[in-house]
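This report goes through selected local features of one protein model. The sequence and structure come first, followed by the description.

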Amino acid sequence: MALDRFGRSIHYLRISLTDHCNLRCVYCMPEEMTFRPNKELMQDDEVLLFVRLFAQLGFDKIRLTGGEPTVRVNVVELVRSIASTPGVRSLTMTTNGVLLSRMAHPLAEAGLQRVNISIDTLNPEKFRRLTRWGSVEDVWDGIHAAEDAGLTPLKLNSVIVGGYNESDAVDLVRLTLDHPWQVRFIEMMPFAGATDLQLKRVVTARDIMACIESSLGALQPVNGGNLDGEARLYRLPGAQGDVGFISSVTKPFCATCTRARLTADGRLRLCLLREGEVDLLTPLRAGASIAELRQILLDGIWDKPWGHGLAEGLIPLNRVMSEIGG
Ligand code: SAM
Ligand code: SF4
């Protein structure tokens with residue numbers, strides 16, 4: 001088991017499979033984004049070696065993210081290999097859903113269990129403005145394909161950006177009336193690449209909730225108001241699905257955080273909102289033994305931080321979000 005110095009058991013790994021993406025969400029990356037050359041990114045055999053190493057240390061839950069994980073060449077076969085790694089009990093993906101209409105079934109067949117799909121508005125024009133060129137119809141088709149392929153229960157992720165989609169939270173929450181989906185609102189966090197917009201247009205979970213309740217009535221706490229993973233869950237009376245709020249900025253969930261991240265270029269990142277990273281790929285490529293890599297990993301996990309420094313102006317600027325893996 002991998003423990004940190006606060007006694008947290010760390011067993012959930014989020015892997016950014018690529019920093020590349022087929023969209024350019026305004027809150028995630030600049031339009032003229034420069035991606036890393038392929039040789040700097042983890043290759044399939046390197047991803048699999050790290051997965052085995054993490055699994056041997058008790059990591060039983062893996063989420064594939066990015067960038068956009070579905071644009072990675074050979075992603076279905078990679079999923080198949082990860083799914084069959086001893087110790088991996090949960091294998092999920094966070095995706096923008098654009099390619100899911102054709103990939104949901106192959107991914108499910110390869111062993112992917114569930115997907116979280118990002119959709120910030122149901123309005124086609126607003127969706128295009130937020131993603132710079134995306135089509136909300138593609139995502140909608142992806143959502144249906146994911147359901148059809150059994151990648152359920154579905155979670156839909158939304159980032160609310162002031163001046164772009166504040167009022168759209170209400171329409172997204174209405175979806176829970178007729179669908180057993182969890183619609184989650186993630187507070188916008190600041191990183192490199194879009195820092196100005198991220199700082200100026202953040203809408204707190206509290207404000208999003210107030211906006212939803214003023215249109216749809218009171219949300220009832222699910223789970224006694226306790227965290228479910230990183231989200232606080234609520235429900236509209238009579239709804240089939242839940243509404244979640246992930247208040248990473250205003251109410252961080254450090255006490256229950258069990259996660260570590262592997263960046264697309266093979267760095268271990270222990271906190272999304274802290275710049276500290278431990279390089280795993282360079283030692284691997286320099287010939288480090290498995291025992292040496294395991295020790296680097298355990299030492300890194302031991303030092304996992306607690307709390308972010310946003311209130312003190314400490315913004316993590318060494319990465320854009322897509323490299324870390326949201
Ligand atoms: N491309 C995939 C997607 O969009 O779902 C996976 C990667 S994306 C970085 C993972 C999640 O992070 C998405 O739900 C996205 O909305 C969210 N995200 C991106 N930038 C963010 C930011 N600055 N603050 C909060 N969430 C962000
Ligand atoms: Fe791409 Fe996801 Fe970032 Fe949007 S949030 S630009 S879909 S990586």
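This is a predicted model: local features need pLDDT of at least 70, side-chain atom pairs count only at pLDDT 80 or more; totals for chains, interfaces and linings use all residues.

Apart from its neighbours within four places in sequence, Phe245 is in contact with Phe185, Ala205, Ile208, Met209, Ile212, Leu219, Glu230, Ala231, Arg232 and Tyr234.

Helix 4 spans residues 124-131, and its buried residues are Phe127, Leu130 and Thr131. These residues are on the same side of helix 4 because they cover an arc of only 85 degrees around the axis. The buried residues of helix 4 pack against helix 5 (136-148). At the N-terminal end, helix 4 is capped by Asn123, with a side-chain oxygen 2.9 Å from the backbone nitrogen of Glu125. Just after helix 4, Arg132 has a positive phi of about 80 degrees.

Is Thr70 buried or exposed? Thr70 has a relative accessibility of 5%, so it counts as buried. Thr70 sits in the loop between strand 2 (61-65) and helix 2 (75-83). Not counting residues up to four places away in sequence, Thr70 touches Val75, Met93, Thr95, Leu99, Met103 and Leu107. The side chain of Thr70 also makes a polar contact with that of Glu68.

Arg285 lies in helix 9 (residues 281-285). With a relative accessible area of 42%, Arg285 is partly exposed. Leaving aside neighbours within four places in sequence, Arg285 is in contact with Lys39, Glu40, Leu41, Met42, Gln43 and Glu46. The side chains of Arg285 and Glu46 make a polar contact. Between the C-alpha atoms of Arg285 and Val202, which are 83 residues apart along the chain, the separation is 40 Å.

The two side-chain polar contacts described above are listed here with their distances.

| Side chain | Partner side chain | Distance |
|---|---|---|
| Thr70 | Glu68 | 2.6 Å |
| Arg285 | Glu46 | 2.8 Å |

Which residues surround ligand 2? They are Cys21, Leu23, Arg24, Cys25, Cys28, Met29, Gly67 and Asn96. By class, the shell around ligand 2 consists of 5 nonpolar, 2 polar and 1 charged residues.

Technical notes
Residues are numbered from 1 along each chain as its sequence is written. Chains are lettered from A and ligands numbered from 1 in the order in which they are written. Side-chain values use heavy atoms; hydrogens and water are left out. A residue is near a molecule or strand if one of its heavy atoms lies within 4 Å of it. Ala, Val, Leu, Ile, Met, Phe, Trp, Tyr, Cys and Pro count as nonpolar, Asp, Glu, Lys and Arg as charged, and the others, Gly among them, as polar. Buried means under 20% relative accessible area, exposed over 50%, partly exposed in between (1.4 Å probe, protein chains only). Helices (H or I, at least four residues) and strands (E, at least two) are DSSP runs, numbered from the N terminus. The arc is that of the directions from the helix axis to the C-beta atoms. Contact means heavy atoms within 4.5 Å. A polar contact is a pair of N or O atoms within 3.5 Å; within protein, one must be able to donate a hydrogen and the other to accept it, and residues adjacent in sequence count only if both atoms are side-chain atoms.
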